[in-house]
Structure formats: structure tokens, C-alpha cells
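Let's take a walk through this one, from the overall layout down to a single helix. Have the viewer open as you read.

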Amino acid sequence: MSNGNMNLTLKVWRQKNAETKGAFATYKAEGISPDMSFLEMLDVVNEGLILKGDEPINFDHDCREGICGMCSLYINGHPHGPKNAITTCQLHMRSFHDGETIVIEPWRAAAFPVIKDLAVDRSSFDRIQQAGGFVSVNTGVTVDANEIPIPKVIADEAFNSATCIGCGACVAACKNASAMLFVSAKVSQLAMLPQGQPERWSRVQAMVAQMDEEGFGNCTNTGACEAECPKEIKMTNISRMNNDYFSAKLFREESTHEHAAGE
Amino acid sequence: MSEFKQTFNSSLGKKLIMALTGLFLCTFLIVHLGGNLLLFRNDDGYGFNVYANFLTHFPPIEVIAYLLYLSILVHAIYALVLTIKNRKARPVAYATVNKAPATWSSKNMGLLGSILFLFIVIHMSDFWFNYKYSDKIGYKEYRTNVKTDETTAVDYVPESPKFEKSVTTEGDYEVVRVKDLHARVASSFSNLIYVIFYVIAMGAVSFHLVHGFQSAFRTLGWVHRKYTPIVYFIGTWLFAVIIPLGFAAMPIVYYIQSLK
């Protein structure tokens, strides 16, 4: 094309709701600028569908700057598309070539039921967080920053774990639909810091118990999660959580229930 | 549900059992290879047959052996349970192939494990079962001249079928009569199909352990920038290269010898 715009074929998963069976539908995306984001390209396609009186493709999105964790999409076999360390909203159409067929699927996991089309219900992640992904803080006067000394390596590592945006790409990429990378990042970011110590041993038990209850798969350490994570969360978090979990279960006084009670 | 039961029923608890049984089986491989290196001694199976007799008649080893059989079963059953759960965790499969850069081994542990389980069943029924519970294994008599240290071997037929081993002295000769497992090994390894199956199974050991050994440490939570490289080194060179090659060499060498 003379103006550099692209024509693409989209194979998109369409599903009315969690109860009905879905199927792929094929759409043409024409005159797409390579500088559009993937979501903007879908906006253009949806506009066309609306003008024709068809139902637009439902997909999740919010901030569109890579920090909210809302956008998803399993694009050509990769969560968030073929590029590393970005979310779908940061993926640009220049990563594809003119005439390409793009297959777009929702995250597929029993714990992430489809709401509609490409949007899935990730509230299982919220419930895992609510089970223990917090610290209890006393109210009162504001504490000065850096009041508690924390070694730089520990602070950095905790911050790296805390960059998890909870998008669910780890579950989508995992051959077992395991949520271990997400849960371990959320456990780690608090387990490494002094503020997270009082609830450290009950937290890990409560969050793993909730993870199991939600019906995620089991970790086989394949490393697909780490490779596909838009925030490059490391698998070392998983080992750190395992270590804490076994320590808590086998050698600690605290149980899961203390955490649920809110201390 | 008691807390212990709850722990071992959790996803991480089941993985812990996989890791511990797996690592136990790994340590067994070292001992098994070490002992079987006796097959490479050119002594008509003298050392090997005495070793096999020792293994089956030394009570502590028998206890460990039963622990080993239990570990194999538990490892396989838990693998099956976890795989079923993992399948249920993704009821609708992706239409596109997952392109995440995960190693082939890590994605095919079930297939590799199934090959190994089949191998273990055949391997044990051929050698272990026949040795302990059948009369298909013959006997050998080794006569060692105490002065010259020269040993000659002849087939031996005991009076009682329950005969296991005897060590006697006849003049200048020490006479050892023992079950001849070595002959069974040599005859099995003269069958080309059998040899190929063994070599394939050792390939499966290699690929299973190149992922499995380090994965067990990850599951246990023993990951550290100082020690993890050592775990990877041992998992790769000892368990995925030296041990499978050592085992695969046995049928290959015996097959080549059988051609002469």
C-alpha cells in the first residue's frame, strides 16, 4: 500500500456469555495504520461493526498505558501478543505485517470464565488478594519515610515483585493454567519487607488456599509465565513462596484461619 | 481435615511429594549406575553376580528397595492426579499453539515419565522379578586359585532349586557358587530391539531429569543465586549426560560383544 497502511484478517473468538459455546469469526481490518496500538485497531474494527449494525467485539481495556493490567488478549499464541514485556495496549500494529492473519483468543482458564467474547472474569485474582495480599497498618501520626532501614537489594527485589499488574498473562501462558507467578509475586512483595512480617506466615497459607480453591492448575516450572509476563516478574518468586509456604505449614505456629480473621 | 492432610492435599503439597520422590529416585540412579559398572569388568560376571546377591540379601538394602518401589508408584500416581487437575484448569483449549519459549522437556514430562514407567515395568519384570521369583536364572561356579588369583567360571546346577549362594574352600581354590544374573543380562542385551528400547528409555531419562532435577529444587523453594547454578550444573551434566550415557553404554557394549 502506498500510504503504508495495512490490511489484516482477524480471527476473533466470539462468545455471547459464560454459558454459551463460542466460535471464531473472521473480520477484515482494512487501512490500519502501523502506528495504531492493537486496541486502537480493534476500536476501528468495532466502529465498522457498529456502523453495519453488528455487535462490536467485547474486550477489556482501561488505562491504555501499560499499568492497569486490564487489557488481555491471546494473540497468535502469545498473551499480549508477540512482543516481550509489554501489554496489549502497548503493542503496535507495526509488529505485524500487511496481509497477516491474526488469531485473537481470550485468556483460557477455568478460573477465568469468559464474560463476553475476549473479556474474561479475573475476580479470582481479587479473591486471592483479599485472602491475604495486604498488610495491617495502625492509624495515627504519619511515619517518616525510610524510618525502617531496608537493604537496597531487598527493597529492589520487593519492588520488582510489586510491579505485577495482575493481568493474568502468566495464567494464560501456562500450559497448566497455573496462577503461581501472580500469587508468588503478591506474596513476595510483602514477605520480603519488614512491614509484611507480622502476617507473613498466615498470608502465604491463606493465599495459596484461595488459589487452590479457584481451580488454577499446578506449577511445573516450565517458565512460560516468566517469559510472557509484561512486567517481567521472575520465577524466583515462585520458589520464594514455596519456601515460605512449607516453612509456614511445617514449622510455624500461624495457620490460615488467623489471617481470615483479620488479626 | 488435619493440618498435615491439608498441607499435602494442597497444590504445593502435592508438588512437594513429586519433588521429594523424584530426588530420591535421582539418588538411586547414582547407586544403580555405580553398581552396574561391574558389568564392564571382564570377569564372566563374577563381580556383578556377587553384587546382585548382596543387594537381594542385605536387609537394609531391601528396606530401601521397597521405599524405592513406593516412590516410583507415588511419583507416577501424583503426576497423574496433577495432570488431570491441570487439564481441568483449562477446559477450553487454545486454537493457536502456545509459543512461549519453554523447553521441550518441561512441556513433555508426562510423556517422558510414561516412557520411563513402561521401561521400569519391563526392566524389573525381566531382571528383578525373574531373579527373585522365577527359576529362569541359572547358576555359575567361580573357582579362584588363591595363589595365582586366576578365576575360572563354569555353569553350575544346584541340587535344590532354592539354592542362592555358597562360598567354600577346596585346597588352593576358593569356590563361589551364585545365581547367574549376568547371563540373563548378556542374553537380553543380545536382542537388538531390546537394546534400542533401552537406549530410547535412557534418552527419556536424560530429558526427564534435565528439567526434573532443577524443577524439584524450585518446588522445594531452594533457589539462590549462589547455589542454583550448581543445581543446574549437576542436573545437566550428571543426571542428563553422564548417568544416561553410562546406562545406555551397557546394552550397547553387550550387544556389540554378542555379535562376535
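Start with chain B, which has 9 helices and 4 strands; helices (H or I, at least four residues) and strands (E, at least two) are DSSP runs, numbered from the N terminus. Follow the sequence and you get the pattern α-α-α-α-α-α-β-β-β-β-α-α-α. Bear in mind that this is a predicted model, where local features need pLDDT of at least 70 and side-chain atom pairs count only at pLDDT 80 or more, while totals for chains, interfaces and linings use all residues. Residues are numbered from 1 along each chain as its sequence is written, and chains are lettered from A and ligands numbered from 1 in the order in which they are written.

The C-alpha trace of chain B spans about 75 × 45 × 40 Å along its principal axes. Of the 260 residues in chain B, 26% are buried, meaning that 20 or more other C-beta atoms, placed from the backbone, lie within 10 Å of the residue's own.

Now hop over to chain A. Its domain assignment gives domain 1 (6-116) and domain 2 (123-261), with bounds that come from an automatic or database assignment. Taken over C-alpha atoms, the centres of these two domains of chain A are 30 Å apart. Even so, 18 residues of domain 1 are in contact with 16 residues of domain 2 in chain A (C-beta atoms, placed from the backbone, within 7 Å).

Finally, look at helix H2 (residues 123-132) of chain A, whose buried residues are A:Ser124, A:Phe125, A:Ile128, A:Ala131 and A:Gly132. They sit on the same side of H2(A) because they cover an arc of only 120 degrees around the axis, taken from the directions from the helix axis to the C-beta atoms.

Methods:
A residue is buried if 20 or more other C-beta atoms lie within 10 Å of its own, exposed if 12 or fewer, and partly exposed in between; C-beta atoms are placed from the backbone. Two residues are in contact if their C-beta atoms, placed from the backbone, lie within 7 Å.
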